[in-house]
Amino acid sequence: MYEGMLAETVVMRGYDGDVVNAYFARPLGPGPYPGMVLINHAPGWDEWYREATRRFAHHGYIALSPNIFYRLGHGSPEDVAAKARASGGVADDQVVGDASGAREFLSALPTSSGKVGVFGTCSGARQAYLAACRTKGFSAAVDCWGGRVVMSPHELNPKNPIAPIDYTKDLSCPLLGLFGEEDPAPSPQQVAQHEEALKKFGKDYEFHTYPKAGHGFFYYDRPMYRQEQAVDGWKKVFAFLEKNLREQGSS
């Protein structure tokens, strides 16, 4: 069977109608394919996120990773991420708007099945959870060690005015959470608190916490990489998406 993929930089409409650049990867075929929106982590719109976008395309998804740091200007991922940190990060409203724009971009494609999930790691996982809670239209959400879903009052600020956990009642799709037992942010206690909120509101979710793993255990190019846990984690991601974005009758 012929197998092929197209990967390229495109533009899309994001928050407030802004034109945002994004990395797009899709299988070469008529489809229909489910979609995935990838929200980049604090280290930036970097090579790892491009590879992850292509990984989803390889598995039969039309995948789009919007550059949520686009408004900070061009430069290396490290330089732009430093600007983001210096400015206090990206406002929650802006990221939710960009994620919605990315979902609409994918849904409008002729090869789209109409179902779109959202994926993020680190701060991007927090933002993926926000997008799944604050907007309608996502059919699955993947939270990989999303920190600051649980926030103390002193952590709130004009860009992050409400803790994501406080939107849990509005979560509009099934959620997969992958965490490391040795991660301080989110800590096992914060993960447990998040899980309690999901149970309280009767949400469809599955959480997996890995021993001997901390923050960022998928990142093969960093010391925090944990091969066994990462391999299993990716298997769980694709099993979850298969169930929620492909199977007949899934939401």
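Which residues is Gly216 in contact with, leaving aside its neighbours within four places in sequence? They are Trp145, Met224 and Tyr225, where contact means heavy atoms within 4.5 Å.

This is a predicted model: local features need pLDDT of at least 70, side-chain atom pairs count only at pLDDT 80 or more, and totals for chains, interfaces and linings use all residues. Residues are numbered from 1 along each chain as its sequence is written, and side-chain values use heavy atoms, leaving out hydrogens and water.

Gly216 sits in the loop between strand S8 (205–210) and helix H6 (227–246). Helices (H or I, at least four residues) and strands (E, at least two) are DSSP runs, numbered from the N terminus. Gly216 is buried, with a relative accessible area of 0%. Buried means under 20% relative accessible area (1.4 Å probe, protein chains only). Val116 is 100 residues from Gly216 in sequence and 24 Å from it in space, C-alpha to C-alpha.

Now helix H3.

| Property of H3 | Value |
|---|---|
| Residues | 92–107, 16 residues |
| Reach, first C-alpha to last | 22 Å |
| Expected span at 1.5 Å a residue | 22 Å |
| Buried residues | 12 of 16 residues |

The expected span is 1.5 Å times one less than the number of residues. H3 is mostly covered. Its buried residues include Asp92, Val95, Arg103 and Leu106. Among the elements covering them are strand S1 (5–13), strand S5 (112–121) and helix H4 (123–134).

Conventions: Buried means under 20% relative accessible area, exposed over 50%, partly exposed in between (1.4 Å probe, protein chains only).
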